[in-house]
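Have the model open while you read.

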Amino acid sequence: MRNLNVHFDSYHVLKNINVDIPDGAITAMHRPFGCGKTTLLKSLNRLIESNREVKVTGEVLVDGENFYAPDVEVTQIRKKLGLLSQRPTTLPMSIYGNMTFG
Amino acid sequence: MRIRSHDGSALSGYSWISCGDSSIVFGAFGFIVMTTFGLKVSLLAGMITLAVLILPVITRALDELVQTVPHELMEASFSLGATKWEYVFKVLLQKIFPGVVMATLLGFGRAIGDAASVMFTTGFTDNLPAGITKPVATLPLAIFFQLSSPIPEVRERAYAAAVILTIIILIVSYSARLLNRRFAQHN
């Protein structure tokens with residue numbers, strides 16, 4: 001992540017986030033409740049854009065590809081970088097369907 | 001993506017306003033459509049009128065259903081790379097399918113029992129229609145016209161039509177109720 005900033009309306013939620021997440025490693029994040037951990041994770045695959053009032057600037061680079069580049073297909077990057085919520089949500093289909101969805 | 005009644009779209013506005021409207025208003029609307037497009041009283045004109053009549057009923061029922069679907073389901077689908085249409089057809093519709101059938105049955109029940117909306121548009125005949133542009137008798141209209149006949153045999157046909165209509169509406173209402181119960185268990 002390079003200079004990642006997230007605004008909800010005029011509220012500046014994430015300020016200049018610069019993080020390198022190593023390939024193939026388990027990376028953990030711990031901070032107090034409400035500090036923006038989920039917002040940061042949702043910013044990675046642009047899931048945060050389902051909220052209309054949000055504005056994101058900066059770069060999220062995965063294998064050299066900027067997920068916030070204007071020509072990027074959002075559904076394709078989400079296939080590449082999925083996100084599972086802390087609260088499990090099962091889709092109304094078979095277990096196989098749930099495992100292979102997307 | 002928002003599929004909600006408060007989205008300010010023309011369709012949701014129409015459904016909220018016209019859901020409680022009297023059937024005769026839809027009949028008048030159908031009549032205006034007929035005169036505008038040069039249609040005669042026919043099965044087609046009746047179908048158009050009834051479609052407009054049940055559209056707000058079904059739309060409102062579906063709107064309420066969609067609002068019961070948790071937001072997390074949409075988020076989970078999108079986070080795994082689903083497109084809007086994949087979400088709608090593979091997830092949302094799967095989730096609310098019994099409710100969709102129930103809403104359709106409710107609309108059907110409203111349409112089949114309605115007399116005022118088709119009075120100006122379908123015409124009346126004692127025969128089965130030979131085509132979509134020919135007049136047709138709906139069951140409520142058959143009851144309405146035949147009951148006022150001085151001939152006892154014709155009045156008996158009206159009573160028979162009333163029994164058939166009641167049975168059909170009972171079956172439809174009971175099916176909708178069963179589906180509603182199943183939908184409640186499903187969620």
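How much area do chain A and chain B bury between them, and what share of it is on carbon and sulfur atoms? About 1,600 Å², with 64% on carbon and sulfur; buried area is the accessible area (1.4 Å probe) that two parts lose on being put together, summed over both. This is a predicted model, where local features need pLDDT of at least 70, side-chain atom pairs count only at pLDDT 80 or more, and totals for chains, interfaces and linings use all residues. Residues are numbered from 1 along each chain as its sequence is written, chains are lettered from A and ligands numbered from 1 in the order written, and side-chain values use heavy atoms, with hydrogens and water left out.

**Interface**
- T89(A), P92(A) and F101(A) supply 34% of what chain A buries against chain B, more than any other three residues.
- Chain A puts 19 residues into the contact and chain B 16, with contact meaning heavy atoms within 4.5 Å.

**Salt bridge**
- The count between the chains is one salt bridge (a side-chain nitrogen of Lys or Arg within 4 Å of a carboxyl oxygen of Asp or Glu).
- K42(A) pairs with E75(B) in a salt bridge, the closest N and O atoms sitting 3.1 Å apart.

**Largest pocket**
- The largest pocket holds about 1,300 Å³ of space (on a 1 Å grid over the protein atoms alone, a pocket is an open set of points where a 1.4 Å probe fits, with protein on both sides within 12 Å along at least five of seven lines; lining residues have an atom within 4 Å of a point). The volume is the space filled by probe spheres set on the points, which are joined across faces, edges and corners.
- It has 41 lining residues, and L41(A), L44(A), G82(A), L83(A) and L84(A) are the closest to its centre.
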